[in-house]
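Hi,

Here is the model I said I would pass on. Have a look at it first, and then read my notes below.

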Amino acid sequence: MYFLRTVLNDSNIIIHPPGFYIIGFETFPFISVYFIFLSFVYVVTVLFNCLVIYVICFNRSLHTPKLLAVVNLAVIDVILNTCTIPSMIKIFLVKDNFIPFNLCMLQMYVYYAFISLESYALAILAYDRLIAICFPLRHNSINTMQSMSWIVGVTWFFGLGVILFTTSLMSRLSFCNSVIVFSYFCDYAPVFRLACNDYSMQWASASFLTILILAVPFTFILLSYVSILATVFMMKSLDSRVKALATCVEHIIVVAVFYIPILTIFCVGFYLGLIDPDQRVLSLSLASCIPPCVNPLIYSLKTKEIKIRVLALLNILVTHLINGPCSMASKVT
């Protein structure tokens with residue numbers, strides 16, 4: 001065992017261990033199958049989200065407020081899964097589940113920062129639908145590139161700042177007993193519960209964080225769709241109603257995929273303690289890793305403007321693959 005290091009903080013000795021041991025998946029049967037599945041999820045996440053980012057960034061005609069929000073979601077999805085899945089696969093392949101203390105704090109910060117940004121990104125997309133349907137005549141004047149850039153920038157500044165504060169609270173805890181974290185990464189609650197001094201402040205910040213990064217955006221999304229439904233049912237034409245609602249279907253699915261599992265796990269598992277720890281770890285890993293994988297498939301790539309550009313790009317690639325050998329052969333002859 002490594003020697004513990006001590007930090008002097010407000011005249012109290014704070015003991016920080018060299019690191020923690022992540023043991024969330026050690027008791028699971030068929031764990032190799034699950035990690036193969038996670039590898040597939042990660043490849044799909046990176047491939048399709050990077051495709052969305054590339055198509056939007058390199059086509060000036062796609063530089064619109066809505067697609068800026070879509071790019072924002074795609075960037076968040078890539079970073080969110082990158083901060084957890086590779087480390088989980090590394091633990092499985094190398095059989096080394098030790099993570100240094102500072103790296104643990106960094107992973108904790110990145111995970112919760114981008115979970116919060118994911119939540120706010122879905123709320124931003126709901127805002128886009130709200131303005132487009134409820135204020136169609138003023139949509140272009142209200143939802144401009146400048147206003148959308150400000151909204152995205154504020155959510156990043158707010159999300160990164162709040163999580164930086166809550167993560168920094170972990171430095172006030174002493175870990176003088178167990179350093180075994182029963183989760184699939186350096187999770188906030190499983191780590192602070194290992195502390196041998198009072199962690200009531202960390203518990204309060206975790207509760208506040210759940211409300212701030214999950215409940216508030218989710219409430220905004222619900223209220224947005226209440227306003228959207230009220231506007232839609234006031235439309236006289238049935239075709240107009242169907243078209244308006246059709247533009248919201250993919251977003252509603254993405255919202256459900258993200259919020260329903262994660263809110264259930266946090267509320268039922270974290271606060272009520274009604275979920276078995278093994279099931280909580282597996283459920284939370286799926287709830288965190290699946291949305292970034294399916295978001296581009298369900299939402300981003302279904303957007304009409306992106307779909308047209310992606311099909312055109314694929315057509316060019318296929319043409320080059322087919323004509324490439326032929327052109328090379330003609331040059332040789």
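**What I found**

L245 sits in helix α9, residues 238–246; helices (H or I, at least four residues) and strands (E, at least two) are DSSP runs, numbered from the N terminus. L245 is partly exposed, with a relative accessible area of 32%; on that scale buried means under 20%, exposed over 50%, and partly exposed in between, with a 1.4 Å probe and protein chains only. Together with L229 and F233, L245 makes a nonpolar surface patch of about 270 Å². Patches are made of residues with over 30% relative accessible area and no salt bridge, where like charges are joined within 9 Å and nonpolar side chains (Val, Leu, Ile, Met, Phe, Trp, Tyr) within 5 Å. The areas come from the Shrake-Rupley method with a 1.4 Å probe, and for residues only the protein chains shown count as cover.

Before you go further: this is a predicted model, in which local features need pLDDT of at least 70 and side-chain atom pairs count only at pLDDT 80 or more, while totals for chains, interfaces and linings use all residues. Residues are numbered from 1 along each chain as its sequence is written, and side-chain values use heavy atoms, with hydrogens and water left out.

Now the overall picture. The protein chain has 12 helices and 5 strands, and its C-alpha atoms fill a box of roughly 65 × 65 × 35 Å along the principal axes. Of the 333 residues in the protein chain, 45% are buried.

Next, the cavities. How many cavities of 30 Å³ or more does the structure hold? There are 2. A cavity here is a set of points, on a 1 Å grid over the protein atoms alone, where a 1.4 Å probe fits but cannot get out, and lining residues have an atom within 4 Å of a point. Grid points are joined across faces, edges and corners, and a volume is the space filled by probe spheres set on the points.

The largest cavity contains about 110 Å³ of space. It is lined by 12 residues, and Y112, Y188, A206, T210 and F266 are the closest to its centre. At least two lining residues come from each of α7 (188–192), α8 (200–233) and α10 (249–271), with α8 giving the most, 4 residues. By class, this lining has 9 nonpolar, 1 polar and 2 charged residues; Ala, Val, Leu, Ile, Met, Phe, Trp, Tyr, Cys and Pro count as nonpolar, Asp, Glu, Lys and Arg as charged, and the others, Gly among them, as polar.

The second largest cavity has a volume of about 40 Å³. Around it are M108, Y109, Y112, I163, T166, T167, Y188 and L209, and the elements giving two or more of these residues are α4 (101–134) and α6 (145–168). Its lining divides into 6 nonpolar, 2 polar and no charged residues.

Helix α4 also holds V110 and E118. V110 is buried at 18% relative accessible area, and E118 is buried at 1%. V110 and T84 are 26 residues apart in sequence, with 9.3 Å between their C-alpha atoms. For E118 and Q107, 11 residues apart along the chain, the C-alpha separation is 16 Å.

What about charge pairing? I get 1 salt bridge in the structure, defined as a side-chain nitrogen of Lys or Arg within 4 Å of a carboxyl oxygen of Asp or Glu. R129 pairs with D128, with the closest N and O atoms 3.1 Å apart, and both R129 and D128 are buried.

K95 is not a glycine, yet has a positive phi of about 60 degrees. Most residues other than glycine have a negative phi. K95 is exposed, with a relative accessible area of 64%.

Cheers

Conventions
1 Å grid on protein atoms, 1.4 Å probe; cavity = no way out; pocket = protein on both sides within 12 Å on 5 of 7 lines; lining within 4 Å.
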